[in-house]
Amino acid sequence: MRKVLLILVLCTAMLSAQEKPGESRFLLRGYAHSGVEVRGDETTFVGGSFNPIFLWRQSDKLLFEAELEVEYENGETLIGLEYANMSYIINDYATLRLGKFLLPFGTFAAKLHPAWINRLSSKPLGFGHDGVGPARDLGVELRGGIPLGEAKMTYSVYMINGPALNDGTNPNVEPEEAGMLLYDLGEDNNNNKAIGGRVSFLPLSNSSMEIGFSGLYGKVGNVESKYEDVAALLYAVDFSYVSKVSFLSGVVDIKAQLNGVQVDDASYFNVEDSSNYSFSNKSSAYYVQMSYRPVNMSTDFLNSLEFVGRYSELSFPEGALWTSDQTQYAFGLNYWVDWRTVVKLSYQFADTGAHESEGEEGEASNDAIFLHWAFGF
Amino acid sequence: MKVKHVKLFLVSVSLFFGALFLASCTPSQAQASKPGALLWGENCVRCHNAPSPSAFSDSQWEVVGKHMRIRASLTADEVDKIVEFLKMAN
């Protein structure tokens, strides 16, 4: 009898132990996208990417997050680490983050780039690879949101390895792109750490509008080189407005961001004619995007549609061997299968050309049609 | 040495006023009384469509809430209310 009672007590204890949820939680989330693209005479299915996000809630104060990007390109499977960091919640308004994280340099790279969030199949000019401004880096960050009466603000201050200057002396790093900044290299190229931050204001009581200002400053030259003291100032301004508009019977979403990069003047070696040259090293890129999604229409089909338009511009410095001015228009029609699954049909055309001051017209026009699907999970 | 002292003084003053600023920051009565459903509708759509409550289980919403609190710089009060609403509605 005593044994039976003991077993019953043990079983009850085990069952109640199973019912207790415990503090630790693991969740696999992420997103994926793929599609077909038409560029000129070429039509091809593209592998897109698969981005698993690993979330580990260690306790009420600690969260670990990591995202991988698995891409299939040119017959190869590429795996990259988007971010991997640990966050410690200090109090209601402050969180400390350590590791590799998406930089709050504007909002596109930090929040809006995932394929199921980005309203178009492509990224704006200057906001992808080899763009103007960083997307992620290694370091430490303090961030949070603060209520201000009816309004609200968010802040972030961080210290990271920072960008590195391509000074043209390394033949493996495209010497013709001397003066360009390289991002997300992993290890720092000098002992200087870059300091940056972002502050944003949400002045309306329903948080529908946000205006953000970002800055990043640090030395970018390689240690013990003649570029050691070359520094760079990077800045961004972003705007967001999302609201239901009664007379349009729908939701209007406006997003915009301007990125700028200023690198100290320096003299570089031209590998083509063995001369030295310098230029005013300033780059910029911006985009303005507007989307409209009907709501409360007569059919679910109409309520699932979304119309998008975007204009973006990219300007690389005059006098550099990589000088360029580009403009791009993109238009899209999306069909939302559910809140996180979308089929995107878009058309874009871009002009790639020299600086207007040189009196030349665009060198090429790149038209493209995309039919992509994307989903978050 | 003097420059060092000035820098230290400026940092101390900044921290002092920063702490005062944080201590004085409170939501208005109207903001503080917003229900989770309203906060869910207002905050999620700033970046993406508002998620369906049935997309995740209660314990999963707790992880998602923590993740989004950091990603979107939401306050603790906002996240608690949103997660509570999603857990109740799923």
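The legends below describe an overview and several close-up views of a predicted model.

**Figure 1. Overview of chain A.** Chain A has 377 residues, and 47% of them count as buried. Its secondary structure comes to three helices and 20 strands. Along the principal axes, the C-alpha atoms fill a box of roughly 95 × 60 × 50 Å. Among contacts between residues at least 6 apart in sequence, 58% join residues at least 24 apart. The chain exposes about 18,500 Å², with carbon and sulfur atoms supplying 59% of that area.

**Figure 2. The largest nonpolar core.** This core has 63 residues. Those with the most contacts inside it are A:Leu165, A:Leu181, A:Leu234, A:Val263 and A:Tyr268. The largest share of the core, five residues, comes from helix 5 of chain B, which covers residues 76–89. Apart from this core lies another, of five residues, among them A:Ile146, A:Met153, A:Tyr155 and B:Cys25. In soluble globular proteins, nonpolar side chains tend to be buried together.

**Figure 3. Surroundings of A:Leu165.** A:Leu165 is one of the residues with the most contacts inside the largest nonpolar core. Residues up to four places away in sequence are not counted in this view. The residues that A:Leu165 touches include A:Leu181, A:Val263 and A:Tyr268, which are also listed with the most contacts inside the core. Its other partners include A:Gly179, A:Met180, A:Asn189 and A:Val220. A:Gly221, A:Asn222, A:Tyr227 and A:Val230 also touch A:Leu165.

**Figure 4. The salt bridge between A:Arg97 and A:Glu65.** The closest N and O atoms of this pair are 3.2 Å apart. A:Arg97 and A:Glu65 are both buried. A search of the whole structure finds 22 salt bridges over all chains.

**Figure 5. The salt bridge between A:Arg136 and A:Glu82.** The side chains of A:Arg136 and A:Glu82 meet with an N to O distance of 3.1 Å. A:Arg136 belongs to strand 6 (residues 136–148) of chain A, and A:Glu82 to strand 4 (residues 76–91). The pair links distant parts of the chain, 54 residues apart. Both A:Arg136 and A:Glu82 are buried.

Figure 6. In the pair of A:Arg119 and A:Asp253, the closest N and O atoms are 3.8 Å apart. A:Arg119 sits in the loop between helix 2 (108–112) and strand 6 of chain A, whereas A:Asp253 is part of strand 13 (residues 250–263). The pair links distant parts of the chain, 134 residues apart. A:Arg119 is buried, as is A:Asp253. A network is also formed by salt bridges that share partners, joining A:Glu65, A:Arg97, A:Glu141 and A:Arg143.

**Figure 7. Two loop residues with positive phi.** Most residues other than glycine have a negative phi. A:Asp184 is not a glycine, yet has a positive phi of about 55°. This residue is found in the loop between strand 9 (181–182) and strand 10 (194–202) of chain A. A:Asp184 is partly exposed, with a relative accessible area of 28%. A:Glu224, also not a glycine, has a positive phi of about 60°. A:Glu224 lies in the loop between strand 11 (209–219) and strand 12 (231–245) of chain A. With 76% relative accessibility, A:Glu224 counts as exposed.

**Figure 8. A:Gly99 in strand 5.** A:Gly99 is found in strand 5 of chain A. At 23% relative accessibility, A:Gly99 counts as partly exposed. Leaving aside neighbours within four places in sequence, A:Gly99 is in contact with A:Ala84, A:Asn85, A:Asp137, A:Leu138 and A:Gly139. A:Gly99 and A:Phe26 are 73 residues apart along the chain, and their C-alpha atoms are separated by 19 Å.

**Figure 9. B:Leu38 in helix 3 of chain B.** B:Leu38 lies in helix 3 of chain B, which spans residues 36–43. B:Leu38 is partly exposed, with a relative accessible area of 40%. From C-alpha to C-alpha, B:Leu38 and B:Gly65 are 15 Å apart in space, and they are 27 residues apart in sequence.

How values were computed:
Residues numbered from 1 in each chain as written. Chains lettered and ligands numbered in written order. Predicted model: local features only at pLDDT ≥ 70, side-chain atom pairs only at ≥ 80, totals over all residues. Heavy atoms only, no water. Helix = DSSP H or I, 4+ residues; strand = E, 2+ residues; numbered from the N terminus. Buried < 20%, exposed > 50% of the residue type's maximum accessible area, 1.4 Å probe, protein only. Contact = heavy atoms within 4.5 Å. Areas by Shrake-Rupley, 256 points an atom, 1.4 Å probe, with all protein chains shown as cover. Core = buried A, V, L, I, M, F, W, Y, C linked by side-chain atoms within 4.5 Å. Salt bridge = Lys/Arg side-chain N within 4 Å of Asp/Glu carboxyl O.
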